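I opened my notebook to look through this structure piece by piece. Come along and check each entry against the picture.

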Amino acid sequence: MLTPFILHTYIFILGAVLGSFYNVVGLRVPLKKSITYPGSACSVCNNKLSVLELIPILSYLYQDGKCRNCKTSISPLYPTIEFLTAILFTISPLLVGWSKELVISWTLISLCMIVIVSDLKYMIIPDKVNVFFLFLFLGERLIIPTDPWWDPFAGLVIGTFVPLVVILVSRGGMGGGDMKLLAVFGLALGWKLVLLSFFLATLIGTVIGIIGMMMGLIKTGKPFPFGPFLVLGTLISYFFGQNLIQLYVTNFFPYIF
Ligand SMILES: [Zn+2]
């Protein structure tokens, strides 16, 4: 029998291994490269990574964050993604329960990790990734329905039109990739939660943007990737949104609802 500890350890390892794959997807898809061939290699000296060097998280720590061959520093983004995927995969069942919804949560985390890598690296959220997950969520939502059943489709519509209005009004404050991503998120989360995702992403993005400008880390007028903020807003909304909405309603509109 699987004890909870072994089960969670297994999920953590699975998450770390998948996180390592999502790094590859996020790095290669925008360059139109195959995600399966060739195997991973150092981007500087092209040294093929051995089995030991492919172990997620640990290999980075063991190699002190450097390529074993040419000693070039490896971006801490990669082990961070591996660790984030692992930890989010592990806590998901505690938040959504051991239900079918777990499949949606793991799919959502997967999309989020790929988006972080490709948006931070190239400022691109590839159409291929958005389309793939659009169909994946569509299929999953057929098997794992919501109440009401049309909520995912309402989410898709809201997730498309809200950023579209922002793009038209701000003329370039957000990219088309961001809009398509939010549409896919809408399909997974439904209309209320995806609205909250967008609100949280904008709020967090604005706060970080102001702090970044004050510290001189971000230059005014220079675009910065919005994808990671959409990811953050969406993960908060997906896992805690119902509670946040409940809290808001009971505090501000106690007599209406
Ligand atoms: Zn190297």
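**Entry 1: an annotated stretch.** I began with residues 13-92, where the chain is 46% helix and 0% strand. I then looked up the record: UniProt, in an unreviewed entry, gives residues 13-92 the feature "domain: Prepilin peptidase A24 N-terminal". A reminder to myself is that this is a predicted model.

Entry 2: Which residues does UniProt list under "transmembrane region"? I found 6-25, 76-96, 102-122, 152-169, 181-214 and 226-249, again from an unreviewed entry. I picked two of these spans to look at in the model. Residues 6-25 are 100% helix and 0% strand, and their end C-alpha atoms lie 28 Å apart. Residues 152-169 are also 100% helix and 0% strand, with 26 Å between the end C-alpha atoms.

**Entry 3: the loop between H1 and H2.** Is the peptide bond from Tyr37 to Pro38 cis or trans? I read it as cis, with omega near -5 degrees. Lys32 sits in the loop between H1 and H2 too. I noted that Lys32 has a positive phi, about 60 degrees, although it is not a glycine.

**Entry 4: another cis bond.** I found a cis peptide bond from Asp147 to Pro148 as well, and here omega is near 0 degrees. Pro148 belongs to the loop between helix H5 (127-143) and helix H6 (151-170).

**Entry 5: two domains.** I then stepped back to see how the protein is divided: domain 1 covers 1-98 and domain 2 covers 124-257. Taken over C-alpha atoms, the centres of domain 1 and domain 2 are 26 Å apart.

**Entry 6: where the domains meet.** How many residues of domain 1 are in contact with domain 2? I counted six, and they are in contact with eight residues of domain 2. Between them, domain 1 and domain 2 bury about 560 Å², and 90% of that is on carbon and sulfur atoms. In domain 1, the residues losing the most area to domain 2 are Val29, Pro30 and Leu95, which together make up 57% of what that side buries.

**Entry 7: charges and polar pairs.** I looked for salt bridges across the interface of domain 1 and domain 2, and the rule finds zero. For residue pairs in polar contact across this interface, the rule also finds zero, with both residues required to be at pLDDT 80 or more. On the side of domain 1 that touches domain 2, I noted five nonpolar residues, one polar and no charged.

How values were computed
Residues numbered from 1 in each chain as written. Predicted model: local features only at pLDDT ≥ 70, side-chain atom pairs only at ≥ 80, totals over all residues. Heavy atoms only, no water. Domains from an automatic or database assignment. Contact = heavy atoms within 4.5 Å. Buried area = accessible area lost by both parts, 1.4 Å probe. Salt bridge = Lys/Arg side-chain N within 4 Å of Asp/Glu carboxyl O. Polar contact = N/O pair within 3.5 Å; in protein donor to acceptor, adjacent residues only side chain to side chain. Nonpolar A, V, L, I, M, F, W, Y, C, P; charged D, E, K, R; others polar. UniProt positions renumbered as here; feature names shortened; annotations may be inferred. Helix = DSSP H or I, 4+ residues; strand = E, 2+ residues; numbered from the N terminus.
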